[in-house]
Amino acid sequence: MKAYSILRANFTLLAMALSFACMAQQPVPFQNPSFEDQPDFGKPPVGWFYCGNFGETPPDIHPGGFYGVVTPPKDGQTYVGMVARDNGTEEQLGQRLAAPLVRGQCYAFRIFAARSEQYASFSRITGQPAPFTLPLKVTVLGAHRHCEPVAVLAYSKTILETEWQQLDFLLQPKAAFEYLILAATSANGEFYNGNLLLDAASPLVPCDCNSGMPVLERFDLPQPGASTVWKDWLAELNTDLEDGVLVQHLFETADGVVHYQNRYLLGLARFVQYSAGAKLRITFNPEHCPAQFEEKLKQEIERCGLIKKRYVFKESKTGNGCAMIAGIY
Ligand SMILES: [Ca+2]
């Protein structure tokens, strides 16, 4: 019995050591991975910078009723539309990563892509209105500097479909890239007018090179009109807010989208979005909170898709913890 206990203790230690080894590398998040912003044309969504050819316009934020694009978003409220043109130029969006990639490490990366049946713009060659409706590919590029891609990390299949396609990439960078760039690329190397819609980028998840994206925990977000267990989430979130540092969860929703944020906060934010006139109300005691708590939590809340008028912060000197969600009403 005793030997069995020791053996079991050893196994437990081994399992812990292994799990720490696997956890040594955290997912590398994107800012605004769901391309959320006010719909607009010729403007990259917040958090992303435009890389493209001088004199050409940046990508567009849809759906805003322009260019004939009517595809509903895969996740959240908006997504990005990119084009490649008959003059050989292509649109690219990039971001400086929160941490450089590790050379030789494999990363799983998921994003959703579609083609819009309509995308009316102007041909740069003829100056006439032209349909930008041919299919393109997604190219994932690594860079050391702003808008200077030096390596192709992955190509997608050609995106013919007008329904959102789940694309799973395995990236194995040969250098410690600090930047990642997504490009809308010609499917066959020829120059033509095409479009590509992108939404719901996952973080870059360190993974085994043979197995790709690890099996992720499933967490289901509230749907409009459905009753949800938000009171349980409130309790979980309030426990988490006692020290003022939100735990980030890596999880997958039923639609295949991979999220990397606090799942309870995201669930409550969605619930608020679907409840007309509701606001998320937070009380906090600055004396018990880490530096810049208010600012950081506001950023997190907005990352969950809640705009400023849907949440309220109130200082309070009561309570032993940092903060709590005082309610949704
Ligand atoms: Ca989105």
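**A chat about a predicted model**

Biologist: Hi! Which residue in β9 is the bridge partner of T139?

Modeller: T139 has Y155 as its bridge partner in β9. Residues are numbered from 1 along each chain as its sequence is written.

Biologist: Good to know. In what sense do β8 and β9 pair, and over how many bridges?

Modeller: Strand β8 (residues 134–143) and strand β9 (residues 149–155) are antiparallel, with 5 bridges. Two strands pair if DSSP finds at least two bridges between them. Strands (E, at least two residues) and helices (H or I, at least four) are DSSP runs, numbered from the N terminus.

Biologist: And what sits in the turn of that hairpin?

Modeller: There are 5 residues between the two strands, and C147 in the turn has a positive phi of about 60 degrees. C147 is not a glycine, yet its phi is positive.

Biologist: Which other residue has a positive phi without being a glycine?

Modeller: A200 is one, with phi near 55 degrees. A200 is in the loop between β12 (194–199) and β13 (205–207). With 24 C-beta neighbours inside 10 Å, A200 counts as buried.

Biologist: Changing topic: where is the cis peptide bond?

Modeller: Between H62 and P63, with omega at about -5 degrees. P63 belongs to the loop between β2 (60–62) and β3 (79–84).

Biologist: How confident is the model, on average pLDDT?

Modeller: The average pLDDT of the protein is 89, and 92% of the residues score at least 70. pLDDT is the predictor's confidence in each residue, from 0 to 100.

Biologist: Where does pLDDT stay under 50?

Modeller: Over residues 11–23, and for these the model has 0 contacts beyond four places in sequence. Two residues are in contact if their C-beta atoms, placed from the backbone, lie within 7 Å. Where pLDDT is low, the predicted coordinates should not be read in detail.

Biologist: What domains does the assignment give?

Modeller: Domain 1 covers 49–207 and domain 2 covers 217–328. Such bounds come from an automatic or database domain assignment. The domain centres, taken over C-alpha atoms, are 31 Å apart.

Biologist: How many residues are in contact there?

Modeller: 10 residues of domain 1 are in contact with 6 residues of domain 2. On the domain 1 side, 3 are nonpolar, 4 polar and 3 charged. Nonpolar covers Ala, Val, Leu, Ile, Met, Phe, Trp, Tyr, Cys and Pro; charged covers Asp, Glu, Lys and Arg; the others, Gly among them, count as polar.

Biologist: Back to strands: what is the order in the sheet with β14?

Modeller: The open sheet of 3 strands runs β14-β15-β16, with mixed pairing. β14 (217–218) and β16 (258–261) are the edge strands, each pairing on one side only. β14 is parallel to β15 (residues 249–252) over 2 bridges, and E217 stands opposite F251.

Biologist: Which way do the β16 side chains point?

Modeller: V258 and Y260 point one way, H259 and Q261 the other, and all are buried.

Biologist: Last one: what does A114 touch?

Modeller: A114, in strand β5 (residues 106–114), touches several residues beyond four places in sequence, including T71, E163, W164 and L197. A114 is buried, with 22 other C-beta atoms within 10 Å. A114 and E163 are 49 residues apart in sequence and 5.7 Å apart in space, C-alpha to C-alpha.

Key: This is a predicted model: local features need pLDDT of at least 70, side-chain atom pairs count only at pLDDT 80 or more; totals for chains, interfaces and linings use all residues. A residue is buried if 20 or more other C-beta atoms lie within 10 Å of its own, exposed if 12 or fewer, and partly exposed in between; C-beta atoms are placed from the backbone.
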